[in-house]
Amino acid sequence: MCPRHPRHLPIFTHPGRSVSELGMFPELNNLLNTSPDRAEQGKLTLLCDSKTDGSFLVHHFLSFYLKANCKVCFVALLQSFSHYNTVGQKLGVNLTTARERGQLVILEGLKSSADIFFHPQEEPHPLRFLRETSAESLQPLYEFVREALKPVDSEDTTWRFPVLLVDDLSVLLSLGLGAVAVLDFAHYCRATVCSELQGNMVALVHDSEDAEDGENELLLNGLSHQSHLILQAEGLATGFCKDVHGQLKILWRKSTGRRDRSLIYQYKIQDKNVSFFAKGMSPAVL
Amino acid sequence: MLESLLAIGGLVLLRDSVEWEGRSLLKALVKKSALSGEQVHVLGCEVSEEEFREGFESDVNSRLIYHDLFRDPLNWSKTGEAHPGGPLGALRAMYRTDSCSITIAVDSLSWLLLHLPCTELCQTLHVLSHGNSYPGVNPPVGEVRVLGLLHEELHGQGPLGALSSLAQTETQWFSILPDFNLDLQEGPVESQQQPSSHVPLVDPTTHLTFNLHLSKKEREAKDNLTLPFQFSSEKQQALLRPGPGQSSSHIFYEPDVYDDLDQEDPDEDLDI
């Protein structure tokens with residue numbers, strides 16, 4: 001039974017046994033008309049959540065790209081490695097194994113931020129801005145990403161294409177950076193990962209309910225304009241419901257010549273799966 | 001319609017939103033300019049050169065000169081590829097004193113507005129489109145047109161207003177076909193390039209089964225009604241001009257119809 005959890009607390013789940021070979025959320029793949037073996041390249045996908053927890057989308061894309069045999073750089077600022085690993089196992093991927101064989105490079109924000117303050121650092125740390133009085137840019141973090149994803153000739157296995165996953169960008173605003181600095185970081189990552197290396201980038205931004213938060217609005221709108229695909233998870237306007245956890249709006253952008261397409265579905269998060277249905281068509285009410 | 005947009009020199013602002021992207025319109029205008037024999041310079045900040053050139057035929061692409069501010073605009077790679085003057089220098093370098101007509105497409109003004117002070121950007125745009133005020137610089141001989149893409153959600157009213165005052169164009173409803181030709185449709189004319197759909201204002205009281213409107217007599221009766229706890233003029237006068245011997249505070253109570261004032265002490269029968 002998957003409990004409803006507030007956004008900012010760590011999620012406590014029971015480690016379940018490894019589920020089906022499919023992994024990820026197959027219904028979401030159908031809605032997005034994609035699968036691990038025919039994923040598009042060179043795209044930026046923006047995940048955003050409002051009045052609900054959209055982290056199930058992060059877990060989906062993490063397991064999706066690991067299944068697709070891509071090299072993944074995961075900037076995990078919100079939760080610990082073991083949390084993502086636990087949820088990943090329910091979705092059929094083992095993050096520890098992926099990390100050991102070089103498929104997954106993970107930057108654990110929670111752990112490494114403590115390292116900055118309590119252990120001496122020789123080379124520049126990706127999260128160096130935490131120590132700086134006036135944090136101006138995320139260039140060290142970008143260098144970390146570029147280093148992690150650049151093609152290495154000596155590797156035995158060749159991965160399909162590189163993927164950058166960030167959970168999440170709003171945390172960087174809370175840590176004192178300006179929206180333009182975070183947008184610049186996203187710009188450089190997009191230029192390197194999507195354009196130069198023909199890989200994909202997925203980032204989560206929280207849509208704060210606070211209308212006064214201009215910086216978050218700027219970050220969200222700025223990234224929306226750069227994205228090819230936007231997935232917006234929203235809580236229901238009427239409040240909490242046991243059978244419908246929220247609504248997912250899918251917006252395809254930048255399809256040259258065609259009008260941008262959008263779909264809206266409602267969803268329910270279960271223990272190892274998320275089921276999607278058209279608005280008002282939840283099995284509980286039919 | 002494209003001809004009318006391109007006939008005016010100066011700054012043409014294309015304002016778009018997340019739901020209605022404007023890059024296709026920018027590319028349509030670029031294609032039209034290129035096909036009419038002009039040289040087109042593109043200052044690209046938001047998309048790569050390959051992505052911008054996508055969809056253009058070779059004759060358009062050959063007339064298109066792409067100035068790359070996308071790969072390394074802030075000189076983070078330190079390879080020396082970035083423009084020495086930064087984004088502002090790159091924008092100023094677009095100033096041309098050639099004799100032919102040129103079109104400068106800026107993709108996007110929003111990116112520049114986030115990284116440069118608004119005043120400097122406006123001044124540079126004005127010089128680019130009108131070609132004066134730089135001392136010692138010759139004005140351009142040919143006609144210069146600047147097309148700027150602007151994402152309107154990213155900026156406040158101040159910068160938007162400043163840029164709008166520099167521009168002078170009208171717009172019409174349109175749709176963009178896959179090969180970047182424009183298909184003109186009948187529709188309302190607005191003061192900015194704003195391809196957003198407008199919801200017509202609907203009066204919610206028109207189709208109700210009950211009456212929400214007041215007749216003249218009802219309205220008068222409503223206005224003349226004194227509310228039960230209204231501060232009446234008698235009370236007001238008494239408070240403003242306290243009479244002699246009224247130094248302590250008084251309670252002014254106006255009983256209404258339903259009050260039952262009983263002067264007896266209700267606790268009289270208590271044996272304390």
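Start by selecting D269(B), which counts as exposed because its relative accessibility is 68%, where exposed means over 50%. The model on screen is predicted. D269(B) sits in the segment that follows α10 (233–240) of chain B.

Now extend the selection around D269(B). Together with D256(B), D259(B), D260(B), D262(B), E264(B), D265(B), D267(B) and E268(B), D269(B) makes up a negative surface patch. Colouring the selection by charge will show the acidic side chains, since Asp and Glu count as negative.

Next, two stops on backbone geometry. Most peptide bonds are trans, and most residues other than glycine have a negative phi. The following residues are exceptions to look at one by one.

Stay in chain B and select D107(B) and S108(B). The peptide bond from D107(B) to S108(B) is cis, and its omega is near 5°. S108(B) belongs to the loop between β4 (102–107) and α6 (109–115) of chain B.

Switch to chain A and select D167(A) with D168(A). A cis peptide bond links D167(A) and D168(A), with omega about -15°. D168(A) is placed in the loop between β4 (162–167) and α7 (170–174) of chain A.

The next stop is about phi. In chain A, select N69(A), in the loop that runs between α2 (55–67) and β2 (71–76). N69(A) is not a glycine, yet its phi is positive, at about 65°.

Go back to chain B for N75(B), found in the loop between β3 (64–68) and α5 (86–92). N75(B) also is not a glycine and has a positive phi, about 60°. With a relative accessible area of 33%, N75(B) is therefore partly exposed.

For the last stop, return to chain A and select E108(A), in strand β3 (residues 104–108). Is E108(A) buried or exposed? E108(A) counts as buried because its relative accessibility is 15%, and buried means under 20%.

What lies 3.1 Å from the backbone nitrogen of F81(A)? A polar atom of the E108(A) side chain is found at that distance. Drawing a distance between these two atoms ends the tour.

Note on methods:
Residues are numbered from 1 along each chain as its sequence is written. Chains are lettered from A and ligands numbered from 1 in the order in which they are written. This is a predicted model: local features need pLDDT of at least 70, side-chain atom pairs count only at pLDDT 80 or more; totals for chains, interfaces and linings use all residues. Side-chain values use heavy atoms; hydrogens and water are left out. Patches are made of residues with over 30% relative accessible area and no salt bridge: like charges are joined within 9 Å, nonpolar side chains (Val, Leu, Ile, Met, Phe, Trp, Tyr) within 5 Å. Accessible areas come from the Shrake-Rupley method with a 1.4 Å probe; for residues, only the protein chains shown count as cover. A salt bridge is a side-chain nitrogen of Lys or Arg within 4 Å of a carboxyl oxygen of Asp or Glu. The place of a charge is taken as NZ of Lys, CZ of Arg, CG of Asp or CD of Glu. Helices (H or I, at least four residues) and strands (E, at least two) are DSSP runs, numbered from the N terminus. Buried means under 20% relative accessible area, exposed over 50%, partly exposed in between (1.4 Å probe, protein chains only). A polar contact is a pair of N or O atoms within 3.5 Å; within protein, one must be able to donate a hydrogen and the other to accept it, and residues adjacent in sequence count only if both atoms are side-chain atoms.
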